[in-house]
Amino acid sequence: MILKILAIAAVLFLVYIIFFKKNREKDIIKKKDVKYEDEMVECPTCKTYISTKESIVSNGKYYCSKDCLANK
Ligand SMILES: [Zn+2]
């Protein structure tokens with residue numbers, strides 16, 4: 001009887017560990033995505049902070065608009 005309870009407890013513990021680990025991995029992936037989408041960068045021309053999502057990338061630099069890209 002005790003062995004049976006221990007076996008069930010062990011299985012539940014393993015399920016809990018696997019589930020918890022999966023959730024943590026999901027959270028880490030989520031955080032990475034959010035960071036990538038919402039990262040704030042400074043426009044080198046007008047010094048305005050813009051999110052990388054809305055910026056124009058040129059030579060590894062993020063510009064807020066085509067005007068700033070042209071006037072770099
Ligand atoms: Zn700008």
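Author: A donor here is an N, O or S atom within 2.8 Å of the metal. Keep in mind that this is a predicted model. Along the chain, the donors of the zinc ion are spaced C-x2-C-x17-C-x3-C.

Reader: What makes Cys43, Cys46, Cys64 and Cys68 donors of the zinc ion?

Author: The SG atoms of Cys43, Cys46, Cys64 and Cys68 lie 2.2 to 2.3 Å from the zinc ion.

Reader: Why is the arrangement around the zinc ion called tetrahedral?

Author: With four donors, all angles have to lie between 85 and 135 degrees. Around the zinc ion they are 103 to 116 degrees, so the arrangement passes as tetrahedral. For reference, the ideal angle for four tetrahedral donors is 109.5 degrees.

Reader: Which parts of the chain do Cys43 and Cys68 tie together?

Author: Cys43 sits in the loop between β1 and β2, while Cys68 belongs to helix α2, so the pair links parts that are 25 residues apart in sequence. Both Cys43 and Cys68 are buried.

Reader: How do you know whether Ser55 is buried or exposed?

Author: Buried means under 20% relative accessible area. Ser55 has 13% relative accessibility, so Ser55 is buried. Ser55 lies in the loop between β2 and β3, and its side chain reaches the backbone oxygen of Thr52 at 2.9 Å.

Reader: And what is the order of elements in the chain?

Author: From the N terminus on, they run α-β-β-β-β-α, with two helices and four strands. Buried residues make up 12% of the 72 residues.

Notes:
Residues are numbered from 1 along each chain as its sequence is written. This is a predicted model: local features need pLDDT of at least 70, side-chain atom pairs count only at pLDDT 80 or more; totals for chains, interfaces and linings use all residues. Side-chain values use heavy atoms; hydrogens and water are left out. Donors are N, O and S atoms within 2.8 Å of the metal (3.2 Å for Na, K and Ca); water is not among the atoms, so sites may look incomplete. Four donors count as tetrahedral if all angles lie between 85 and 135 degrees; four count as square planar and six as octahedral if opposite donors are over 155 degrees apart and all others between 65 and 115; anything else is irregular. Buried means under 20% relative accessible area, exposed over 50%, partly exposed in between (1.4 Å probe, protein chains only). A polar contact is a pair of N or O atoms within 3.5 Å; within protein, one must be able to donate a hydrogen and the other to accept it, and residues adjacent in sequence count only if both atoms are side-chain atoms.
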